[in-house]
2 protein chains.
Amino acid sequence: MRITFDGTNLTAAAVGDEHGVSEREVEALESKAMTAHAELSRKRAAGELFWMELPYQKATVEEILAYVGRVRGRFENFVVVGIGGSALGNIALHSALNHPFYNLLTADKRGNRPRLFVPDNVDPDLIAGLLDVIDAEKTLFNVITKSGDTAETMANFLIFRQALAERLGENYAEHIVATTDRSRGALRRIADQEGYQTFEVPEGVGGRFSVLSPVGLLSAAITGIDVRELLAGAAFADERCRVPDLWKNPAYLNAVLQYILYWRGHSISVMMPYSQHLRDVADWYRQLWAESLGKRNSMAGGIVNVGPTPVKALGTTDQHSQLQLYVEGPYDKVINFLTVEHYAEVVPIPNVAEAFPAIAYLGGHTLNELIASEQFATEQALTNNHRPNCKHVLPEVNAFTVGQLLYILEVQTAFSGELYQVNAFNQPGVEEGKVITYALMGRSGYEDRRDRYLKAAERNPRFVVA
Amino acid sequence: MRITFDGTNLTAAAVGDEHGVSEREVEALESKAMTAHAELSRKRAAGELFWMELPYQKATVEEILAYVGRVRGRFENFVVVGIGGSALGNIALHSALNHPFYNLLTADKRGNRPRLFVPDNVDPDLIAGLLDVIDAEKTLFNVITKSGDTAETMANFLIFRQALAERLGENYAEHIVATTDRSRGALRRIADQEGYQTFEVPEGVGGRFSVLSPVGLLSAAITGIDVRELLAGAAFADERCRVPDLWKNPAYLNAVLQYILYWRGHSISVMMPYSQHLRDVADWYRQLWAESLGKRNSMAGGIVNVGPTPVKALGTTDQHSQLQLYVEGPYDKVINFLTVEHYAEVVPIPNVAEAFPAIAYLGGHTLNELIASEQFATEQALTNNHRPNCKHVLPEVNAFTVGQLLYILEVQTAFSGELYQVNAFNQPGVEEGKVITYALMGRSGYEDRRDRYLKAAERNPRFVVA
């Protein structure tokens, strides 16, 4: 069950010299790439990239499965309380590997597993709305924040905790699982004080690289996803992605190709799965790619303001929304398809009278043939119009291939960080917004700045249309 | 209930000369803008832009409401069978104006209105999955395609029609509503032959401008959205958006500002609602903006390969995913916030012990204050980092303001087409993909090309990692 990476349509032979990459260009980057490989290997050996070892944390998996076994059948709902890297991986795994209308299945069809909710926002209508459809008494809340003090997560946590207390008095601890740092942060202290089940986000695992840690595994396991297979797929990818040969390593080759095209003006990276199941992998990847590579400073300290912009699209749906722009607009994109050879279902299209030639050709085929033909057609139309594109081909969507795909994309991202010479593992650009929020919300030590911020935000009446 | 457009942070005064717009630059475009206005007015008067008259189609609305009244209480599910402009508006209205977990509410809490599904893809797992959770006997299918022969829509339609026939024998016509052209296309002929209820997509209303026609109104009305108010909001916007003064017209001013920034390298247009309800408005807008403006040719015929790339983001969620890139990456974006002054719910954040200073500041506030503070903080952080941004401020999210917003964005798009000098109402770039699909699927007249296409798609083994 190998995923194949196919970069044919990124080449000059396919899309022309102006927008395609030549073999020589790739070869010219081989030594830079081998330096990047050496750096990654060094950091990994030094324990700085512990996310690369997550496929091998068998004890953690067994601990999670034991817990899932203990609570089996007890809860109607499982709510992930997290945001960013503490939500996007959960959503991606759920969409990829559970039934497309999972929450609407009967309990019986869900194998008596809980419904899953990931309310990753602090919109009051969303949170109040969720409380309309879940009974706290029948709900298990999984609060996830590595630092233990993420504002959005902890605000929602305090609201759900109170909803539990109102319903259950003081006996709500069994309704909360905390996934957080081993020792630091407010959530860890509350969890210890109130006696929650906890799981650990290990050192060296940043939020956007945490999907294969307890952050992503618990919600997966409790909804019936085979997390052992998921990690087996990731381990398989690790074997493939540590090969120090650009031409044999799917993560490295794609990273180098995209890197070359970025500097030639193709700065928008579209991920376009032809699979409803994989649509939220594109969202997970958006965070991975944007936060890791979107940086002001290079590792050497210079100002670079670099970073491709990831865009989520979905085939066939976005053929009717974005394809016009992709085919005819500026030459500023690379399209990354995710394709699937065998879907779980085969759905025949019934015949219709020959009197309707505009649709009669569909009859006797399957939806499977239609979506595959449309993916092929979109790929060819892009290529014919000199639009570079590539694809990861999944034999099917299952836990093994999804684990493999996520790991390949993580390595591709980390390796790209080395190519761009930026730190792929921090996010300094979000700090300023946090400080302004603290000031406005009156956090101790920040409140004095409030007036200054408010004053700085004065309107320019000529540019306001009220 | 006016929406305010605020372009303050697009100005040089706010974000600096390099990435901001000066009053003089806008003034220099006034005469071009007035030409654009005159062109739009001429086309409207000539009946070419009938989508602009949709707010006033009262007879159509009454016809829809009468139909909804007749079928009231009869169906448990309502399935929109459409794609692109025949799905995105329906989804946007539903997310914006119905309960955030509408399909999980009890029938009673839904006012005995049907659940809504919009399976806008031909993924076999999606369609088979939908048939797992709906009973065709209790379902009303609304097939929407203007041409009457859209491949994805008609394939899914044939599948659902057969599911109905299997369940109900020949008496399934009352389970299908066709929304299509008045006289042309396969769907119109089948509908007439089999006796479906039909609604019309009027002339002069392209898919992406059709949300206020029966395309979007039927699913809205049947799920309880006040469609009269929706159109009243659009009519109110029409009054505001026909004013021939850049500085008084929210659609024109924003279009001109974005146009100026596009040519100065800010070619990515991010729509970032701070509202879970408005997240799919951003998706609807993606189609509107991309298909309308992403064009190879100018109206005069020259090759321009123009068009901003729309991106969907969501506050606060994407602060933890995309903001790092927006603040520190390349200066290639304009951020368009959608903000909400009053949410439907007010959700207090409970107090927590002062022993946890990192989160104690949250207590006693509301989620409403938190999301507003974060929006403000994000806006200021972007501005301080010379990142142009603007916002539409909605007093609240209701049918009137949503109707207003959609109409403003439609006019902004059409007006932008005039500025870019491209035809905002066609999509020639998607034709080639359709032809290739026909060839692969064996449509009569196209099948000879199949081998040629397959041959053209040969792999380059050096760029494939299997």
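**View 1. Where V464 of chain A finds its partner.** V464(A) has D6(B), in β1(B), as its bridge partner. This is a predicted model, and the pairing here crosses from one chain to the other: β13(A) and strand β1 (residues 4-6) of chain B run antiparallel, with two bridges between them.

View 2. Look for D6(A), which sits opposite V464(B) in β13(B).

**View 3. How the two chains sit together.** Rotate chain A by 180 degrees, with 0.0 Å of shift along the axis, and it superposes on chain B with an RMSD of 0.0 Å. That's what a two-fold axis does. Both copies use the same surface, as 100% of the contact residues of chain A recur in chain B. How many residues of each chain are in contact with the other? It's 132 residues of chain A against 132 residues of chain B. On the chain A side, helix α15 (residues 367-384) supplies the largest share, at 13 residues. Sorted by class, that side of chain A has 66 nonpolar, 42 polar and 24 charged residues.

**View 4. Helix α6 of chain A and what covers it.** Helix α6 (residues 124-133) of chain A has these buried residues: P124(A), D125(A), L126(A), I127(A), G129(A) and L130(A). Which elements cover them? The cover includes β3 (115-117) and α7 (151-168) from chain A, plus α15 (367-384) from chain B.

**View 5. Two domains of chain A meeting.** Where they touch, domain 1 of chain A puts in 20 residues and domain 2 of chain A puts in 19. On the domain 1 side, the elements giving two or more residues are α12 (279-293) and α16 (399-420) of chain A. The biggest contributor to that side is α12(A), with nine residues. By class, the domain 1 side comes to 10 nonpolar, five polar and five charged residues.

**View 6. A parallel strand pair and its crossover in chain B.** Strand β5 (residues 176-180) of chain B runs parallel to strand β6 (residues 197-200) of chain B, and four bridges hold the pairing. One spot to check is T180(B), whose bridge partner in β6(B) is E200(B). Between β5(B) and β6(B) the chain passes through helix α8 (residues 186-194) of chain B, giving a right-handed β-α-β crossover.

**View 7. Around I91 of chain B.** I91(B) belongs to helix α5 (residues 88-97) of chain B. Is I91(B) buried or exposed? I91(B) is buried, because 21 other C-beta atoms lie within 10 Å. Leaving out residues up to four places away in sequence, I91(B) touches V118(B), D280(B) and D283(B). For a sense of distance, H37(B) is 54 residues away along the chain, and its C-alpha atom is 31 Å from that of I91(B).

Methods
Residues are numbered from 1 along each chain as its sequence is written. Chains are lettered from A and ligands numbered from 1 in the order in which they are written. This is a predicted model: local features need pLDDT of at least 70, side-chain atom pairs count only at pLDDT 80 or more; totals for chains, interfaces and linings use all residues. Copies are superposed by least squares on the C-alpha atoms of residues with pLDDT of at least 70 in both. Two residues are in contact if their C-beta atoms, placed from the backbone, lie within 7 Å. Ala, Val, Leu, Ile, Met, Phe, Trp, Tyr, Cys and Pro count as nonpolar, Asp, Glu, Lys and Arg as charged, and the others, Gly among them, as polar. Two strands pair if DSSP finds at least two bridges between them. A crossover is right-handed if, with the strands pointing away from the viewer, the path from the first strand over the helix to the second runs clockwise. A residue is buried if 20 or more other C-beta atoms lie within 10 Å of its own, exposed if 12 or fewer, and partly exposed in between; C-beta atoms are placed from the backbone.
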